[in-house]
Amino acid sequence: MAGSNATTRRPRARKGPYGGYDRKRDFATDDYLTRVGRGTPGGEYLRRYWHPVCLSSQLTDVPRRIRILGEDLVAFRDGRGKLGVLELHCSHRGTSLEFGKVEQCGIRCCYHGWQFDVDGRILDTPGEPEGSPIKKRVWHGAYPAREWMGLVFAYMGPPEAAPEFPVYDAFERENPEFVHRYRESPCNWIQVRENEMDPIHLAFLHTRLFGVQFQPVYGEIPTMEWVETPIGMAYLTVRRWQDYLYLRVNDMIMPNVVRVAGIEDAEGETVFDRRGSALNWVVPIDDTHTLNIGFGDIDKDLLLDGRQSYTDRMKRQGVYTVGAGDVGQTGEPSYEQRQRAPGDWDAWTSQGAIASHKREHLGFTDQGVVMYRKLLREGMAAVEAGKTPKNLHLKKLVGPLLTYCHNTVKRVPRAATETTDRANAVAFGREIFKRIREGQLAKRHPGAEYPADFEFTPPKS
Ligand code: FES
Ligand SMILES: [Fe+2]
């Protein structure tokens, strides 16, 4: 009957005022990209890399229950100092090893005393008769673990595919002051990580809309470009600040690590500053919960004469703390406080437990998000095809890997017109980035001098 069809068929979505009724409601999630369980494309891809699972300081004399990539695990450091990352539930009858006893060798289950070594070997089944074969027959699930810079890492992929543990130049900094970060978000990991390739939100969320979380320079709309790098991708943003151009480059290190340049150097002339700022991993707890873990690191002694940057001012006043950048990064403030001054945590968690990409209307400023998703898909497809995804290093690494993240602030007077000034800003960012890519900046530690002949001459318009 024509009439029944007329009542069930929805008209095409109308574009116009009060169009709520006609909006399409297909907000399905992208399972290929977002799922992290074993056997899923995303889960298998992520399982090819080392990930931090907790802080070293969180391992005490009692076991620590953790959940990573949808797997319930227990982490501990035994009496020999060896790290264990084991399946949570005892191989005997499933009691949680979070109630176990950390032993000189491995961990012992609280219920019937079975003892497991850090590699999953069963060392003792005390209630079983002498000669019981269980110890030899059964292995408990275990993952290799290691410690670095106050973080405990695990590798949860196939043992034969275990990569080298990657060390990057920016990690090998001299004299840093570390403040570790550990935060959880009730949402999918990709929306947390995408935030870092979305530099324009600094102007709105962090600066213009709710009072200044960052310095006023971040209220400027920067020029923005995104480029692929050997380790992943990076964004180049250039902001005009008085007589200066301020280039900020941040790295996305595939698949889930970012190296973020300090927000402190924007207001003074700091050519190729590498005082550091933050390195963090976004690690899926499961499909809808995410761990943000890493550290802020900044050279605590690097206070240079004539600098006027935020860090230096705070240091002179004796109130400097590395963790100051945590504003808006957790759900701890009250709901009303978060409504009145939301932060990154509110932005990414409110996109949904798993943000639907079908809801989105992406624009020019979302190119970084698009590029990041593309790289993730390529990585997942590579693993599915038995190939090596980007930035997975199966062969021994010779020296640290090159990163690109840094700030450069240079005096470049404002051009006569806004259009020319923006063009100069883009040219400035490309010129510095080109020099980095070509390896012209060999000394990459804090305080390293940029080549003395460094000049930037705006191109003729
Ligand atoms: S359940 Fe762990 S030893 Fe029995
Ligand atoms: Fe942010």
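This is a predicted model: local features need pLDDT of at least 70, side-chain atom pairs count only at pLDDT 80 or more; totals for chains, interfaces and linings use all residues.
**Aromatic close-ups**

View 1. A charge counts as over a ring if NZ of Lys or CZ of Arg is within 6 Å of the ring centre and within 35 degrees of the ring normal. R146 lies over the face of F165, with 4.2 Å to the ring centre.

**View 2. Y218 meets Y246 edge-to-face.** The structure holds 10 aromatic pairs (Phe, Tyr or Trp rings, the six-membered one for Trp, with centres within 6.5 Å; planes under 30 degrees apart are stacked, over 60 edge-to-face, the rest tilted). Here the centres of Y218 and Y246 are 6.0 Å apart and the planes at 85°, so the pair is edge-to-face. Y218 is in the loop between α6 (201-208) and β13 (223-229), and Y246 in strand β15 (residues 244-253), so the pair ties together parts 28 residues apart in sequence. Helices (H or I, at least four residues) and strands (E, at least two) are DSSP runs, numbered from the N terminus. Y218 is buried at 0% relative accessibility (buried: under 20% relative accessible area, exposed: over 50%, partly exposed: in between; 1.4 Å probe, protein chains only).

**View 3. Y404 and F433 make a tilted pair.** Their centres are 5.7 Å apart with planes at 45°. Y404 is buried at 4%, and F433 is buried at 5%.

**View 4. Ring pairs build a cluster.** Its members are W50, W148, F153, Y155, F165, W281 and F295.

Notes: Residues are numbered from 1 along each chain as its sequence is written, and side-chain values use heavy atoms, without hydrogens and water. Local features need pLDDT of at least 70 and side-chain atom pairs count only at pLDDT 80 or more, while totals for chains, interfaces and linings use all residues.

Definitions and conventions. Chains are lettered from A and ligands numbered from 1 in the order in which they are written.
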